[in-house]
Amino acid sequence: MRFLPHTHEERLDMLGAVGAPTIDSLFAAIPVDKRLTQPLNLPRGKSEAEVARALGRMAAKNTAADTVPFFVGCGAYKHHIPASVDHLIQRSEFLTSYTPYQPEIAQGTLQVLFEFQTQTAMLTGMEVANASMYDGSTAAVEAVLMAHRISRRRKAVLSGGLHPHYAQAIQTMSQMAGDEVVSMPWDVHASEDISAQIDASVSCVVAQTPDVWGNPRDLTELANACHRHGALLIVVFTEAVSLGLLRAPGAIGADIVAGEGQSIGTALNFGGPYLGLFAARQTHVRQMPGRLAGETKDAAGRRGFVLTLSTREQHIRREKATSNICTNSGLCALAFSIHLSLLGEVGLRRLARVNHANAVKLADMLARVPNVDVLNRSFFNEFTLRVKGDAAAIVERMAARGVLGGVPVSRLLPNAGFDNLILVANTEVNTDDDRAALVAALEGAAS
Amino acid sequence: MNNQGRPTATDTAPPRAAKKTFTTNRALQLEEPLIFEHGRPDVTGVDLDEPETFASRLGGLEREETIGLPGLSEPEALRHYVRLSQKNYSIDAGIYPLGSCTMKHNPRINEAMARLPGFADIHPLQPQSTVQGALELIDTLAHWLMEMTGTHAVAMPPKAGAHGELCGLMAIRAAIDARGEASTRKIVLAPDSAHGTNPATAAMVGFSVRSIPAGADGVVAVESVRAALGPDVAAIMLTNPNTCGLFERDIVQIAEAVREAGGYFYCDGANFNALMGKARPGDLGVDAMHINLHKTFSTPHGGGGPGAGPVVLSERLAPFAPVPFVVRNNDAYALREQASGQSFGRMTAFHGQMGMFVRALSFMLSHGSDGLRQASEDAVLNANYIRAGLADILSSPFGDRPCMHEVLFDDKWLDGTGLTMLDIAKALIDEGFHPMTMYFPLVVHGAMLIEPTESESLASLNLFIATVRDVAFRIQRGETEAFHAAPIFAPRQRLDETRAARNPVLRWTARKPIRG
């Protein structure tokens, strides 16, 4: 077995050194009748070439985004990732190191996390950010729990523009913890009035911008309403590139920001691993979940970085911890930080403008297709289409024509009266040819 | 003077009094500023054409203020991150014997497979007809996990071990609710040696933790469990092998006792690396167990994730599994994404850590049933080899007897020396090792938990043992002074963690106004 260094003779020598007659004598604590005496009913080991063939066959059955006109978004976005990002995150020292428990020999990871926290705080317009969560949805769950700790209330109000998966994840956690959730009706046109729901019993409001329907939302008034009643505003985003063009959550009064960072540096990966971004105001830092890297000095007076404020965390506080999170998304945070360093301020802003410009172009093209309406007055790089007929069937027919044209809303919200809606995302990777192909496929599939 | 073509003669160089350099670099140890200190706002390493003029449709919500992000050209970025990487220890560079963390070799075929466009470049919400191979992969991995653990179902969504614990306890909570016992069964039993994530997770789901003692032999006796059981107990959380590196000898009787008392058995599967092909948790009576794919199945730790924590479930917990899950109808695969029946619902967006699934299955296919068993045997053999090599010179809290995949020592051997386990760890850094886990589990004073994994060669183990022995001999000889200053050869000396916590600096801020 190519990953196991010992020879047969070495194993025998080692058993001798240990004083064990057989390898099984080291497993003597397992009850005799529970020991496996037969091999598992699984195939024997394969060579590297055989593994590559077996998995390559499975991979070949899937339609990769790069191979077709691709407009699928709704919480995960296809962007170009510079080749240097993937090269750098595969450096042994980043890829194969553990959580930086010994800071003297983990300054690479720790400085990256410090830089990542700073970039995330800048991007969200917040004062502090942590070293990452699993993904945007679990970051949103943790944000609600954090708001409950701060407000000492246990009721969250969810906007009708929140990604349904995020809303469901929050509902599951709240139900388990015995906390209350009020869900606003699904709000395609961004016309809901959440403020009317806020009173002194509400811990937090969770609102997304751009919302799941693609509408950028002005949450300033909502923030004021929250603060008048001592509630917190949690701002969620699923498309991090939008922050290059849209007002920062911190500037519109967010108390906690929970977002998905996949768009910058991480591939689509069929849904994971992704990157949870989590930021808050400085006053709430001790209620934050997750790891935090902080600056300090070493014994020689040189600047260095450590994991800090760990008295919030499970390995110290156990059942009183702010969260149970341990492993997070370190390598995706590194990819995010590298990609964002490569973009820089001008690159990110330009990338965001290109996304928006392409989406505007596509919206105008689709608005001319018979029986198709663009429902959004405003959007960043994704919008909602209303079609005539069953959207899921239309998306399937487009796929059969080699175009992945979007997400039918019924995939997320079946039997909710949205069977004629499709979410369409358009990023910098889409060309004029792609857009023309989408229009043609939609004309063909919708007629 | 021109020395070209001549061998460098070290003896002719004058001895230098000053150890300082102009740059503060020391040969290959290179200092590196923050990106905010050398990046510039108008530099970018990504070329993109500015769009043609268009009317923006952002609803008047444009971001007007400067974000403050620095930019680097591609060569600057490469240099920045390569230099930073050189300040990290890694499993590729040497033994990483963190107990309970399972730092094993990360095969590169796994990385190559995870990057196949058919896996990396597919979207979780594209039509299921276009991702049949991805669903097949998830189904295949689930089959391997169930076969290896002797269980009936597996929940794939959890993103890491602690998230898997959350999934398992949510399933237990749902099962108890379904029995109408939600208001009475509020207690989770756990030993003090448990990972901190266990009590933290129990608290999130609204349970209180009742501590159960371990015996003088380091394992939990079934009598202690019986004494703590009652109609208020929802579940027990037990790690097996436990965090002292010992197999829980009474595990079958414990499982029976908990089941008879109406509770469920959650097993923390962080240490499953000791048991592949040797014993199946399902056969032992486990109801739910997470599997850290980033430990046992070699997906890289990446400096703190991402991980993946699928949870295998017994027959009686299977109906409560979260969505989504994959179902197979003849040769077609489908995703069930909406909760129905008794499923406790959704705990995260999308379908789980696909990138980690590919790597884990690649590892499993490479090993096969024979290789997995051999890996567990080698992991246990290696831990015992270290135990045998160090037992006479260190101190063992539960006596010197066979361990599973990790070996635990305490700090009794340091009594009277003025040194702590931290000093030993830092001395090992100077010797070129990543230290073992220290001060965990909490039940043992000055714990030193060593897990070599199956990846270490005999030569590597021998060097580690010889080094720890040398450290111990130096201490026995009274040469303790130097330990307080260690490490002195690492990129940084000891870092002031108190200062970091007392006055937290969690981000860079401009110390003077940025020009422009």
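**Core, chain contact and domains of a predicted model**

The largest nonpolar core contains 323 residues, and those with the most contacts inside it are A:Val205, A:Val206, A:Ile234 and B:Ala171. Such a core is a set of buried Ala, Val, Leu, Ile, Met, Phe, Trp, Tyr and Cys residues joined through C-beta atoms within 7 Å; a residue is buried if 20 or more other C-beta atoms, placed from the backbone, lie within 10 Å of its own. Helix α10 of chain A (residues 330-367) gives the most to this core, 19 residues; helices are DSSP runs (H or I) of at least four residues, numbered from the N terminus.

The structure is a predicted model, in which local features need pLDDT of at least 70 and side-chain atom pairs count only at pLDDT 80 or more, while totals for chains, interfaces and linings use all residues. Residues are numbered from 1 along each chain as its sequence is written, and chains are lettered from A and ligands numbered from 1 in the order in which they are written.

Between the chains, 173 residues of chain B and 170 residues of chain A take part in the contact, two residues being in contact if their C-beta atoms, placed from the backbone, lie within 7 Å. On the side of chain B that touches chain A, the largest share, 22 residues, comes from helix α11 of chain B (residues 354-390).

Chain B is assigned domain 1 (109-365) and domain 2 (369-491), with bounds from an automatic or database domain assignment. The C-alpha centres of these two domains of chain B lie 30 Å apart. In chain B, 19 residues of domain 1 are in contact with 20 residues of domain 2.

Terms used:
A residue is buried if 20 or more other C-beta atoms lie within 10 Å of its own, exposed if 12 or fewer, and partly exposed in between; C-beta atoms are placed from the backbone. Helices (H or I, at least four residues) and strands (E, at least two) are DSSP runs, numbered from the N terminus.
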